[in-house]
Amino acid sequence: MIFTTYWFFAFTALTLAVYWLLPVATLRWWFLAAACTVFHGHFAGPAGMAPIVVLMVITYVAGFSRQKWACLAAMILCALTLCFYKYALFFIGIVIEPLSSGFAAQLTDAAKKIMPGAPPLGISFFAFEFVHYLFDLRRGGEPIRHPVKFLLFSIFFPSLVAGPIKRYPQFLAALETGSRRLVAGNFADGLRRIAIGFAKKVAIADNLTFLIDHQQPQFAALGLFDRWVFLAMLAFRILLDFSGYSDIAIGVAKLFGVDLPENFNWPYLARNIQDFWQRWHISLSSWIRDYIYIPLGGSRHGPVRRVTNGLIAFGLCGLWHGPAWNFVIWGLYHGVGLALCATYEKIPGVGPAISGVFKREPTIGFVLTQIFVWLGWLVFFYPVAEALKMARLLFGL
Amino acid sequence: MSDFTPQPLPATSAADPASRPFFRPWTLLAGFVLGLGLMAWTGRTVIQRDLHPYAVRFHPMIAPDSQYEPTMGEMRAFVRARCRPDQILVIVGGNSILLGVGQPADRVWTKRLQEILGDRYAVVNLAFRGSSPTDGGAFVAESLRDEFPRQIYIANVAALQAADAIGIESYRFILFDAYYKGLLLPWAPRDQQFKEYLAATDYKTARFERRLGAEADAVLHFRDFWNWWSATKFFTFATPYQPDPNLAYRARAKFKDEETDYDTLPFDQRFTPSVIANDTIITRAYSANGYAKNAQGQWQLAEGSREQFLRFAANAFPDPLKPRTLILISRNSPYYTRQLETDLQTRDETAISDTIAGWEKFGYAALSYGHDFAPEDFGDRTHLTTAGGTKLAAATAPKIQALATQLGYLK
Amino acid sequence: MPPVLRKFWDQIPAPTATLLSHAGSLVVGILTAFVLHYVLYRIGLPSKPFIYVAF
């Protein structure tokens, strides 16, 4: 984890000092862009930087041209790059392998030869931010003409590895405003936020990991109550870990005067699945909504299309988390949950009755939502068969 | 599925203008600076106490085995608490053999050594498992050279074993700690080795990271503070070494020294067929490297190997510290060596003699032990039982006394 | 700040509120230092932090 290195601390402290010592905002942008390049180079290395730089240049030029076809081509390239680096082996495994295992093996070998050991650092975030930029330009947005600002949007170091996924109009506005002058409040808020993030991650989530790893092998032997405690630990571990990471990113950006979008908003207080996805990994869920679900037609073409679009969007959302079936199933699981959540009221007779109960007793909706979400984490973290077995055990079956 | 309710992404600037803010930024920042200063000062202060008053050595629960990395400050306090200024300080470094693996805390060989040497000396065990002679204990002794000028440092090696001046990787955190806190003597060969170590192409980033950590720690004393906390309050994170969640967070100073007692472990459990097979191979290779027979049929060390060994010996310790350093040459158990052909036994003896001569050439004291030990004195191939530890203490004490006399410590 | 606390906070007389906000800020600043000091210790240890998924 990049945030848990001395290099990160030293880099942030040094960059921050120079940044605020510079007399004008323009100089600060130039300096910050240079520093972000150093940061990216340090953690990604030349092999990890090269594909990102290529994508960045193509995205900038395509955006600058304002040609719709160029933006579309660049978007496709971003998506293909992401698929190549992150999903090529997975796709070979599911598409080619069943047809010809020999050919699949050859393709796998060939892919491994040209691919680096690990996907370029932050490739998922770069691809998503570039696609958002190009998509919005096609819808009439103004391109970022200033190359330094575009560079900053692309590789702003606090959000480089694990988001939040930025939107360029908000980011540029925040950069313009925040970098004008040093505000003690930003600094204090940033530090506080960083500390909260680290406390969540290092002090709590990491210790939950130990307990989870300790109890998981003996899950079947645990009592019913302890099994649910285990599930709660699993749920809070991922929340605290990931929201902690977002807190650190947001806090560090704040030190530079930049507001990043919030990523979490008390997701375990959600009263339904729809509410959950407006509180959990907000920058991803809103990206999926704006650039997959709505372009597919959203809810505009009747209930069947609506449900299908939702399943596609959430299947891809799951896949985004990693090239493995359990992530896809986790995404589809939430897609089904959202479909139910959005349509149950229309079921003749039963629907309005259930809806009435939820309205009278919101706690029931809250409990059901959390059970649904928490059970989903089993599929997220464990192989499907294992997750199903654990789910059965949770209900004493 | 419903569309998500369209909403602008919320940003972090969520101040409510209608209401007065709770936080005062400048006060908070002042608190932050004050807090860091307080933590650093506290770390620096509390580490001067002995965190392990009941420990006789750094057993696994207060050693890197269980992700507890003792700091220089902590080990220096450990020594100070066990040695009066009027005593001759005997610091025992080296590996698990000198740590006393196989001997329970109340019968560890350094206790016996203390009994033999008497109150004029204070024996402090700073050995660690797998450590080289130039690791932890060596740096602690060096750092206390002015505070305890009458000191003897003991460590062990196998025949012709190289001892890098910067120790080995597992314990290099101690070197980083000592080096960046300015506790070591300038010693050009070591400084050069450390420089090359830091600049090694494949590890440059990782080692720079460690350097940054050590430099920050020299100012902020976070390792000192949090080791004090971990030893006296509660350990803050769980490690696989202590898989019981009920014990994982227990203050490390509360753990007892529970090193294995070889006297209570049946022979069959210590000498299983696979252990015997493996240790036989190791024993046969004890002096294999670099030796060949000359024209007279005697074992002779190849010139290249000799030069390499002598270079290591010359550079291992700073010149002013060499005369007070006693290197013990460890042998294998007679259970194995008695099975060797006479020729191999001769080769081992030649290697041991060459090793002693090599260390002595540069002004160190050197002593081999174990030639008159019985198989029962060893719990395994190298580690000693209580009886073996007693014999080691008996063999080492006269050498220490002679060294103390020679160095003028008894005047 | 949650609305309930906000309401309560707004009702406290100005001098007391000023004192409280300075004291609270000082304490939070110290706590922030405490956490970051701990993080500096933790990241130097060989135990690797949990990362839930490699993006």
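Tutor: Axes here are lines fitted to C-alpha atoms, for helices over the stretch in contact, and angles run from 0 to 180 degrees between N-to-C directions. The model is predicted.

Student: Where do helix 1 of chain B and helix 2 of chain C stand relative to each other, and at what angle do they cross?

Tutor: The axes of helix 1 (residues 25-46) of chain B and helix 2 (residues 14-42) of chain C come within 7 Å, crossing at roughly 45°.

Student: What makes helix 1 of chain B oblique to helix 2 of chain C?

Tutor: Angles under 35 degrees count as roughly parallel, and 65 to 115 as roughly perpendicular. The crossing is at roughly 45°, so helix 1 of chain B is oblique to helix 2 of chain C. The crossing of these two helices is also right-handed.

Student: Which residues make the contact?

Tutor: Heavy atoms within 4.5 Å count as contact. On helix 1 of chain B the residues include B:G31, B:G35 and B:M39, and on helix 2 of chain C they include C:L26, C:G29 and C:A33. The contact residues divide into 12 nonpolar, 8 polar and no charged.

Student: Why is helix 2 of chain A called roughly parallel to helix 5 of chain A?

Tutor: Helix 2 (residues 25-65) of chain A packs against helix 5 of chain A at an angle of about 10°, with the axes 11 Å apart. The limit for roughly parallel is under 35 degrees, so helix 2 of chain A is roughly parallel to helix 5 of chain A. Among the residues in contact are A:L55 and A:M56 of helix 2 and A:F126 and A:F130 of helix 5. By class there are 10 nonpolar, 3 polar and no charged residues.

Student: How do you know that helix 5 of chain A is oblique to helix 6 of chain A?

Tutor: Their axes come within 9 Å and cross at roughly 135°. Roughly perpendicular covers 65 to 115 degrees and roughly antiparallel is over 145, so helix 5 of chain A is oblique to helix 6 of chain A. A:F126 and A:E129 of helix 5 are among the contact residues, as are A:F153 and A:S154 of helix 6. This contact has 6 nonpolar, 2 polar and 1 charged residues.

Student: What makes A:F126 a lining residue of the largest cavity?

Tutor: A lining residue has an atom within 4 Å of a cavity point. A:F126 lines the largest cavity, as do A:E129 and A:S154, among others. The volume of this cavity is about 40 Å³, and helix 5 (residues 123-138) of chain A gives the most to its lining, with 3 residues.

How values were computed
Residues are numbered from 1 along each chain as its sequence is written. Chains are lettered from A and ligands numbered from 1 in the order in which they are written. This is a predicted model: local features need pLDDT of at least 70, side-chain atom pairs count only at pLDDT 80 or more; totals for chains, interfaces and linings use all residues. Side-chain values use heavy atoms; hydrogens and water are left out. On a 1 Å grid over the protein atoms alone, a cavity is a set of points where a 1.4 Å probe fits but cannot get out, and a pocket is an open set with protein on both sides within 12 Å along at least five of seven lines; lining residues have an atom within 4 Å of a point. Grid points are joined across faces, edges and corners, and a volume is the space filled by probe spheres set on the points. Helices (H or I, at least four residues) and strands (E, at least two) are DSSP runs, numbered from the N terminus. A crossing is left-handed if the near helix is turned anticlockwise from the far one by less than a right angle, and right-handed if clockwise. Ala, Val, Leu, Ile, Met, Phe, Trp, Tyr, Cys and Pro count as nonpolar, Asp, Glu, Lys and Arg as charged, and the others, Gly among them, as polar.
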